[in-house]
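Please keep the structure open beside them as you go.

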Amino acid sequence: MVVPIALWLWWPLLSERRFKAFWLASGVTALLAASPVALILAMRQTSLDYFTIAHLQVAGGWILASLVLAFLFALVREVVGLLRWLLGRPMGAAARVHWTIISVAGALLIAGVGVSQALIQPQVHEQDITLQGLPAEFDGLRVAVIADIHASPVANARHVQGIVHKTLAANPDLIVLPGDMVDGDAATQAANLAPLSQLKARYGVFAAPGNHEYYSGYQTWAKVFRGVGLHYLENQTQRIRINGRTLAVSGVGDPAYGRLSQQNVDPLVPEGLPPDIGAVGRQAQGADFHLLLAHQPKLARDNAAHGVGLQISGHTHGGHILGMDRWLVAPVNNGFVRGEYDVERMKLFVSNGAGQWAGFAVRLGVPSRIEILVLRKA
């Protein structure tokens with residue numbers, strides 16, 4: 001697929017004088033496009049350490065985003081060329097070469113901006129969220145959402161420390177981390193997560209599994225999370241008394257359950273647990289309000305049937321890029337990509353995420369955020 005696309009992208013360079021440039025440009029494009037495959041093969045062979053792999057992943061994401069943008073720009077070039085031909089003013093060969101070069105340079109630059117935006121510290125974003133059935137005693141409760149940190153050699157301990165500092169400065173009453181806190185194995189990457197031990201809130205700090213927690217030794221990471229002071233909810237519910245009323249905070253397993261990992265105690269036995277909304281629904285019975293941490297938003301309609309008042313999710317990173325968010329990310333997540341959704345009587349909130357997976361560290365128009373949700377009674 002890559003070579004035909006590359007040839008189509010670069011075809012304006014085809015002429016007697018530019019024939020070599022055409023094939024050189026096509027070859028370089030194909031080589032760059034093949035680099036993610038080479039990276040995956042290297043990871044499977046464990047021939048590279050994770051520090052190197054994580055940084056190569058960032059470069060691979062930049063290359064992939066550049067190729068996609070260049071393809072779109074070339075498509076625009078062809079549409080403009082067709083319109084000019086219909087108007088009797090066809091685009092000359094020199095103009096096509098000119099716009100091809102501009103398109104590729106522009107794609108590389110814009111993708112580079114997207115990478116830089118993905119890797120910077122997240123900003124604190126505060127908003128009210130109106131909830132049906134919320135007791136008056138909970139009105140004004142401040143909930144900090146730190147989703148998708150993806151702590152790694154790229155989002156290292158210094159980066160995580162910045163997230164912790166900004167979260168504490170926002171003075172939340174409750175802090176929740178709905179999954180994908182880490183990447184890589186606990187033996188080499190746990191130190192990047194250490195600053196989370198500083199998180200403190202009046203009503204506690206709670207976390208739930210994300211799909212990336214299943215990739216590199218689920219049970220080992222669960223011990224690390226508890227070691228830094230997180231209440232790690234694995235299909236479990238914690239009841240909190242607030243102003244004389246009871247708030248149930250639950251966390252469910254992730255649909256990624258079933259994957260095997262070389263970091264498992266037994267690589268042939270999947271670690272972790274599948275989501276069990278029925279179990280947490282039963283545990284939350286009798287509470288005045290039920291807040292659910294479910295990493296992937298796609299199961300929101302099922303969760304709404306179990307008495308959940310507010311589901312907080314991550315996973316989508318807000319869709320990464322404007323346009324891609326609605327056309328690609330939302331459809332594979334049952335229409336949910338970021339922000340608020342009314343799902344029957346339940347409210348779903350999908351966070352932009354406070355970090356970024358190194359494998360596609362690109363954000364354009366969708367900034368990373370530490371979300372502060374101020375709960376309001378409907």
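1. Ten is the number to begin with: the count comes to 10 salt bridges, a salt bridge being a side-chain nitrogen of Lys or Arg within 4 Å of a carboxyl oxygen of Asp or Glu. The model is a predicted one, in which local features need pLDDT of at least 70 and side-chain atom pairs count only at pLDDT 80 or more, while totals for chains, interfaces and linings use all residues. Residues are numbered from 1 along each chain as its sequence is written, and side-chain values use heavy atoms, with hydrogens and water left out.

2. One of these salt bridges joins Glu-126 to Arg-142, with the closest N and O atoms 3.0 Å apart. The pair links distant parts of the chain, since Glu-126 belongs to strand 1 (residues 123-131) and Arg-142 to strand 2, 16 residues apart; strands here are DSSP runs of E with at least two residues, and helices are runs of H or I with at least four, both numbered from the N terminus. Glu-126 is partly exposed at 46% relative accessibility, whereas Arg-142, at 19%, counts as buried (buried means under 20% relative accessible area, exposed over 50%, and partly exposed in between, with a 1.4 Å probe and protein chains only).

3. Asn-352 lies in the loop between strand 11 (346-350) and strand 12, and at 3% relative accessibility it counts as buried. Its side chain reaches the backbone oxygen of Pro-367 at 2.8 Å. Leaving aside neighbours within four places in sequence, Asn-352 is in contact (heavy atoms within 4.5 Å) with residues including His-317, Arg-338 and Glu-371.

4. Six strands form an open sheet with mixed pairing, in the order 6-7-8-9-11-10, where two strands pair if DSSP finds at least two bridges between them. Strand 6 (236-242) and strand 10 (339-343) stand at the edges with a single partner strand each, so one side of each is left without a neighbour in the sheet.

Technical notes: A polar contact is a pair of N or O atoms within 3.5 Å; within protein, one must be able to donate a hydrogen and the other to accept it, and residues adjacent in sequence count only if both atoms are side-chain atoms.
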